[in-house]
Amino acid sequence: MLQAFARRAPSISVRARCLCTKPPTSPGPPEREYVQPSTEEKSALKILKDEFRPLFTGEAVGVEKAVPRRTDVLIIGGGLVGTAAAYFLKAHGEMFDVTIVERDYGYTRASTMLSCGGVRHQFTIPENVQMSMFTTEFLKHYKEHLTVLGQDPPHVDFHHQGYLFLAPENRAQLLLDCVKMQRAQGAKTVILSKAQLAEKYPWMNLDGIECASYGTEGEGWFDPWQLVHALKGKNIQLGVRYCQGEVVKFRYDSVPLYTSGGIAEKKRILGVDVDHPDGKRYGCDAAVIINSAGPWAGEVARMAGIGVDVFPELPVEPRKRYVYTVHCPDGPTLDCPFLIDTSGAYIRREGLGGNYICGASPSEEAEPSIANLDVDYEFYQEVVWPSIAHRVPAFNNSKLKCAWAGYYDYNTVDQNLIIGSHPEYRNFLFANGMSGHGVQQGLAIGRALFEYIYYSKYKTIDLSMFDFARFAERRPILEQAIV
Amino acid sequence: MTTVLKRCLRGTMQTQLHSVCCPKVFSLEQKRHIRWKFSWDENHLFYLWKTYNISPTGIKDTMLRSEREGFINEQRYIPAKALQRGPDLAAADMILNFNGRVKFNNDDVWYKTYEKGTSPLPQSFRPDLKLEAVDLADSNWMLTGMDHLHGCEHVVFVSLARCKYVTDWFIAQLVLHCPNLKYLDVSGCPEITDATMEMAYKFRHLQILNITDCQGIKQGEVFSVFLEDLLPELIIIGVDSLSKMELPLHEYEQQNSRFLNLGMSASIPEQIVGLRSETSEKSTVVNCKLNMSDSVELKVEPLKTESVC
């Protein structure tokens with residue numbers, strides 16, 4: 001009986017069985033050689049030896065690994081926020097060893113490069129106003145801050161045109177209160193009545209408009225690519241390390257926590273694993289890790305276990321937005337501000353050849369898919385063009401030239417900044433969720449991160465209300481002036 | 001000790017008192033300096049960590065930086081002074097300190113500091129004196145200095161010729177403080193760019209704009225065409241002629257504007273292109289607002305330009 005069960009007849013033929021001896025392997029990720037992060041302490045003699053080794057081996061300079069094995073501050077993402085943070089961390093001196101990990105040096109999908117580059121002081125929250133004003137102050141003196149010794153001073157073409165927010169009758173009081181708050185913060189915004197609007201902008205159709213708010217000083221648009229380029233040049237002079245690679249894993253350290261319920265384990269982030277294009281995976285230890293990955297900050301946070309082991313999760317996701325270039329031969333020329341219509345559509349002049357840049361935010365139900373950066377021209381036909389042609393009748397005779405799409409790092413809860421450390425993993429800092437205002441607030445965020453790391457509190461602008469704990473405490477901060 | 005000294009010096013010029021006696025209010029820094037004690041706090045660590053560049057270029061750079069910071073410090077706007085003497089006189093005082101000249105609305109005299117260093121201006125508030133003209137040519141005027149013009153709405157003449165620190169932000173401040181400007185001179189300023197021309201239309205009464213020798217202005221000719229449209233009385237000095245443009249406007253924009261080139265690779269579907277093309281087909285190579293002919297040189301009505309003598 002037992003023998004019959006033991007000797008089981010094969011159900012498939014012998015030939016087929018030979019083919020099936022090796023189980024098929026799924027095409028997983030290629031095997032990468034792992035480079036250990038440094039975990040041992042270096043004695044002073046060892047450091048001296050490392051300094052003089054190039055002399056004896058005949059190399060001109062010590063060969064460094066592609067990704068450092070240990071660093072003080074690791075910045076994930078090399079867009080405007082990350083570069084600005086690195087700049088402010090190093091601007092005062094070589095106190096910190098800063099490394100930026102960026103997976104795409106061409107910045108093909110980076111939100112900074114694909115944005116319109118506008119700077120406005122007209123927000124409804126005082127801290128947002130102060131952050132934009134900090135950006136304006138920095139750009140006033142950017143040549144002094146960002147000139148690298150021995151090279152030409154950088155250019156940031158700032159066009160001082162100002163933003164014009166139009167308001168219908170039911171929102172006029174809200175606009176008045178906002179302008180009062182902005183003026184109290186020091187921003188130079190004014191309210192324009194319908195008569196003043198008709199006199200200043202005769203090309204505008206003022207149907208349904210009661211008043212508007214206009215930024216007279218410090219508002220406008222600039223080229224964020226040039227700013228990041230200038231910041232990067234200065235960073236390299238100051239000694240920031242740029243590494244190309246993708247963060248794939250976070251490494252933890254467990255510490256036993258003696259509680260009344262028993263011994264628990266408290267996890268602490270030690271560092272990250274970075275996949276470098278040369279095929280190796282480097283382990284990098286870091287004291288502080290800054291998440292400035294932009295739209296993909298949610299993914300990076302999930303890799304760190306936020307949303308997987310500890311809750312709540314980081315509510316940041318990419319949202320696609322379109323920008324269209326339009327040519328209109330009869331449109332407004334020099335006196336065209338950055339016009340924001342009551343319907344949410346915006347338009348601004350680009351250059352002198354009659355070209356304009358316009359767009360709008362889609363409604364919540366009609367959010368486009370984020371799989372790729374393809375442009376939806378139907379959206380222009382149905383949503384954007386009717387609004388702007390109604391507001392500026394000259395655009396009835398306009399031609400769509402080209403378009404591009406970019407991602408907003410959209411904070412799904414309250415569309416405002418998330419900054420500061422995570423309550424559990426205290427060395428993991430956030431700088432995410434700006435929802436379309438990253439270019440305006442990036443420099444202020446960089447400065448705030450430097451102050452948080454060095455002084456352990458915010459000194460220039462108090463951003464403690466934008467902490468991560470507000471999601472657990474159900475304390476959302478809603479900004480009403482989102483474009 | 002100090003009170004005895006003050007009693008002896010009473011009756012002499014007020015300004016000398018400050019240099020001889022100690023001021024009454026001490027800040028924390030001043031207290032530390034006087035007692036010759038130095039305590040390390042987190043801000044002082046920056047001096048230790050900074051990399052000091054001791055090459056000749058580095059030293060020169062440091063000296064230029066400290067000189068620039070000195071100017072910024074001296075030109076700081078003190079609201080109490082403006083309240084005491086009125087904005088016009090306070091601004092005039094600061095301008096005269098920096099080798100500038102001012103003119104008021106009551107007479108035709110350019111005021112300048114005397115050789116001994118004393119100032120010819122009245123010391124107390126005079127409601128009838130309004131600042132009309134400011135001449136800051138060849139001076140080290142800084143952006144903080146423009147705050148002094150807050151409240152001086154009667155200024156009609158501003159000259160910032162050959163000032164090396166003048167940028168477009170100065171003109172943005174001027175737009176804010178002195179909207180009644182009639183004459184603006186920024187000739188010879190190396191850091192003035194096209195943004196100045198973009199902002200010039202905001203001066204509704206501007207009559208003369210001088211931009212000779214501004215290397216940063218690349219499209220002065222095209223801007224002057226647009227400015228002539230918006231401000232009919234404007235005369236622009238320093239712009240020679242439109243035939244000097246090397247590239248037609250369309251190509252210049254395609255080369256220089258990143259935003260126009262971002263979407264170049266995206267292809268627009270045929271049905272969208274054909275829809276709005278009724279009258280915009282005549283947008284030729286040079287996409288300017290005025291009627292264009294086929295040749296490269298723009299044939300427009302004669303510009304009221306003058307070459308500077």
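Helices (H or I, at least four residues) and strands (E, at least two) are DSSP runs, numbered from the N terminus, and A:Leu166 lies in one such run, strand β5 of chain A. The model is predicted, with local features needing pLDDT of at least 70 and side-chain atom pairs counting only at pLDDT 80 or more, while totals for chains, interfaces and linings use all residues. Residues are numbered from 1 along each chain as its sequence is written, chains are lettered from A and ligands numbered from 1 in the order in which they are written, and side-chain values use heavy atoms, with hydrogens and water left out.

Strand β5 belongs to an open, mixed sheet of eight strands in chain A, ordered β6-β7-β5-β14-β15-β16-β13-β17; two strands are taken to pair if DSSP finds at least two bridges between them. At the edges stand β6 (189–193) and β17 (399–411) of chain A, each with a single partner strand, so one side of each is left without a neighbour in the sheet. From one strand to the next the twist averages 20°, where angles run from 0 to 180 degrees between N-to-C directions and axes are lines fitted to C-alpha atoms, for helices over the stretch in contact. Helix α12 (residues 377–391) of chain A packs on this sheet, touching β5, β13 (316–327), β14, β15 (346–350), β16 (355–359) and β17 of chain A, and its direction makes about 60° with that of β13(A); contact means heavy atoms within 4.5 Å.

Within the sheet, β5 (residues 163–167) and β14 (residues 338–340) of chain A run parallel and are joined by three bridges, A:Phe165 having A:Ile340 as its bridge partner in β14(A). A:Leu166 is buried, with a relative accessible area of 7%, the term buried denoting under 20% relative accessible area, exposed over 50% and partly exposed in between (1.4 Å probe, protein chains only). Leaving aside neighbours within four places in sequence, the contacts of A:Leu166 include A:Leu197, A:Met204, A:Leu339, A:Ile340 and A:Arg391.

Elsewhere in chain A, the axes of helix α6 (residues 126–140) and helix α8 (residues 172–185) come within 10 Å and cross at roughly 50°. That makes α6(A) oblique to α8(A), given that angles under 35 degrees count as roughly parallel, over 145 as roughly antiparallel, 65 to 115 as roughly perpendicular and the rest as oblique. In this packing, A:Pro126, A:Val129, A:Gln130 and A:Met133 of α6(A) meet A:Met181, A:Gln182 and A:Gln185 of α8(A). A:Gln182 counts as buried at 2% relative accessibility.
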